[in-house]
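Below are my notes, in the order I looked things up.

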Amino acid sequence: MGRKAVFLDRDGTIIREAEYLSDPAGVELLPGAAEGIRRLQAAGFFIIVTSNQSGVARGFFREEDVQAVNARMQELLRARDAGVDAVYYCPHWQDGVVAGYARECECRKPKPGMLYRAVREHGVDLAASWVVGDKQTDIDFGREAGVRSILVLTGYGMKTRAQWPQAGGMPEHVAQDLYEAAELIVVLRNDPRSREREDG
């Protein structure tokens, strides 16, 4: 049996949404985010951040800027006795302007490349894992690989929910924020009924 994990979107889920954030000074943890991550880790989940960062392909910032923002997020989480175990991001966008990044790829959500990378690199059991995020791409990201999902109503979450069902598939659950999502995951982690939608 592999490792159970929770895949967390970054902007609008862990940190406050800011369009194309490139300055570490602008990183601000959302209320309940550190507490939610700490709750999941105490329950034995491996925490992986998965984030689309097309600003690199668009020429808005460099990969080094993405890494600096991620490092600041990790620093703030660790100051709250939390922290994440791995961070993946996709710098690509097919209509980008930066050579080497302007292409289609398998790592841009909702494609499941980052999920499968976690299986290879960390032995993650996707059937025992969850995706949490504020956008439709996060929900579809999980669905692509059969991973249960939770929409949080922070970030773009309220807008995402308002667009159902036209926008795409719906998550297994909706939570006010990351802490509430964590509580749901901990309660449901051993409950086979939580997979009823996927089992038919």
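Where is the place of Tyr20? I found Tyr20 in the loop between β1 and α1. My element names follow DSSP runs, numbered from the N terminus: helices are H or I with at least four residues, strands are E with at least two.

Ground rules before I go on. I'm working on a predicted model, where local features need pLDDT of at least 70, side-chain atom pairs count only at pLDDT 80 or more, and totals for chains, interfaces and linings use all residues. Residues are numbered from 1 along each chain as its sequence is written, and side-chain values use heavy atoms, with hydrogens and water left out.

**Entry: Tyr20 and rings**

I checked the backbone at Tyr20 and got a positive phi of about 50 degrees, although Tyr20 is not a glycine. I noted the background too: most residues other than glycine have a negative phi, and most peptide bonds are trans.

Then I looked for aromatic pairs and got one in the structure. Tyr20 and Phe60 pair edge-to-face, 4.8 Å centre to centre with 75 degrees between the planes. For the terms, rings of Phe, Tyr and Trp (its six-membered ring) pair if their centres lie within 6.5 Å; planes under 30 degrees apart are stacked, over 60 edge-to-face, and the rest tilted. The pair links distant parts of the chain, since Phe60 sits in the loop between α2 (55–58) and α3, 40 residues apart from Tyr20.

My cut-offs: buried is under 20% relative accessible area, exposed is over 50%, and partly exposed is in between (1.4 Å probe, protein chains only).

I also looked for charges over rings, meaning NZ of Lys or CZ of Arg within 6 Å of the ring centre and within 35 degrees of the ring normal. Arg3 lies over the face of Phe46, at 4.2 Å from the ring centre. Arg58 does this over Trp93, at 3.6 Å.

**Entry: the sheet**

In what order do the six strands of the open sheet come? I read β3-β2-β1-β4-β5-β6, with parallel pairing. Strands pair here if DSSP finds at least two bridges between them. β3 and β6 (173–175) are at the edges with a single partner strand each, so one side of each has no neighbour in the sheet. The twist averages 25 degrees from one strand to the next. I picked out β2 and β3, which run parallel and are joined by five bridges. Ile48 stands opposite Ala86 in β3.

**Entry: helices across the sheet**

I found α4 lying across β1, β2, β3 and β4, at about 145 degrees to β3. α7 lies across β1, β4, β5 and β6, at about 140 degrees to β6. Axes are lines fitted to C-alpha atoms, for helices over the stretch in contact, and angles run from 0 to 180 degrees between N-to-C directions. Contact means heavy atoms within 4.5 Å.

Which residues of α4 (113–122) are buried? I listed Gly113, Met114, Leu115 and Ala118. Their cover includes β1, β2, β3, β4 and α5 (136–144). Just after α4, Gly123 takes a positive phi of about 65 degrees.

**Entry: the cores**

A nonpolar core is a set of buried Ala, Val, Leu, Ile, Met, Phe, Trp, Tyr and Cys residues joined through side-chain atoms within 4.5 Å. Of the 33 residues in the largest one, Val6, Ile14, Ile37, Leu77 and Val132 touch the most other members. α7 gives the most to this core, with six residues. A second, separate core of 18 residues includes Ile48, Ala118, Ala145 and Val147.

I also looked at Thr50, in strand β2. Thr50 counts as buried because its relative accessible area is 1%. Among the residues Thr50 touches are Phe7, Tyr88, Met114 and Phe141, leaving out those up to four places away in sequence.

A cis peptide bond joins Lys109 and Pro110, with omega about 20 degrees. Pro110 is in the loop between β3 and α4. Asp81, in the loop between α3 and β3, has a positive phi near 60 degrees. Asp81 counts as exposed because its relative accessible area is 62%.
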